[in-house]
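My entries follow in the order in which I looked things up.

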Amino acid sequence: MKTTRRSGFSLLELIVVVMIISLLGFLVFSSSIKTQKKREILDPTTLQKTFRESFKGQGDVELFCINRCKECYVAKGKEITSYEGSINLGKDVKVHLLDRDNHLVQIEEQGRIKDKKICLRYHLYSNGSTTQMIITNNEGIYYLPSYFGKPQKVSDIEDAKELWIKDKYNLRDSGSYY
């Protein structure tokens, strides 16, 4: 009797190997996609959180926006790069600060870059604090605290001013946090 020697793999063996490799590939790639961070849309309510998460531990970082706040850039040291995430800061963005006498002051000119007016400057300091400000746009009024708390949409600018003053006085007692 002559025995025939089989060379290669049967169709069933090849199908099983391809299925195992496909399953492993799916598991590896699906877990890497889940861990990949999805950047939030940059708007007044997500500005603080997104900026802190994106640039944590990178020292002083500044975000500035031009073209009616539709185009933003990030400055780290002397390096300036375009902000890669989505931006929706609204139309007619205006920034207000509180002066020493607790009067609201609208910041008209925040500088120029590429010969275009900067409509928003937002700073993340190395200690984790950020620029405290009130932003108004066509969608509402937003209070952005510097240290603790979350940005809040408020009903009018006086409410935002009250939140600012309240935070200022709470920070005088901040030695108990450290």
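This is a predicted model: local features need pLDDT of at least 70, side-chain atom pairs count only at pLDDT 80 or more; totals for chains, interfaces and linings use all residues.

Next I went through the neighbours of β9. Strand β4 (residues 94–98) pairs with β9 in the antiparallel sense, over three bridges. For individual partners I found valine 95 bridged to isoleucine 135 in β9, and histidine 96 opposite isoleucine 134 in β9. Towards β10, I counted five bridges from β9, again with an antiparallel run. Threonine 136 stands opposite isoleucine 141 of β10.

I then asked how many residues of β9 are buried. Five of the five are, so the strand is largely enclosed by the rest of the structure. I also checked the directions of the side chains: Met133, Ile135 and Asn137 point one way from β9, Ile134 and Thr136 point the other way, and all are buried.

Asparagine 137, which sits in β9, got its own entry. Is asparagine 137 buried or exposed? Its relative accessibility is 10%, and the cut-off for buried is under 20%, so asparagine 137 counts as buried. I looked for polar partners of its side chain and noted two. A polar atom of the asparagine 137 side chain lies 2.8 Å from the backbone oxygen of leucine 89. A polar atom of that side chain also lies 3.0 Å from the backbone nitrogen of glycine 140. Leaving out residues up to four places away in sequence, I listed the contacts of asparagine 137 as Pro44, Leu89, Gly90, Lys91, Asp92, Val93 and Tyr142.

Last, I turned to helix α2 (residues 47–55). Which residues of α2 are buried? I found Leu47, Gln48, Thr50, Phe51 and Phe55. I recalled that an α-helix has 3.6 residues a turn, so residues three or four places apart point the same way. The buried residues of α2 pack against several strands, β9 (133–137) and β10 (140–144) among them. After α2 comes glycine 57, and I noted its positive phi, near 75°.

Notes:
Residues are numbered from 1 along each chain as its sequence is written. Side-chain values use heavy atoms; hydrogens and water are left out. Buried means under 20% relative accessible area, exposed over 50%, partly exposed in between (1.4 Å probe, protein chains only). Helices (H or I, at least four residues) and strands (E, at least two) are DSSP runs, numbered from the N terminus. Contact means heavy atoms within 4.5 Å. A polar contact is a pair of N or O atoms within 3.5 Å; within protein, one must be able to donate a hydrogen and the other to accept it, and residues adjacent in sequence count only if both atoms are side-chain atoms. Two strands pair if DSSP finds at least two bridges between them.
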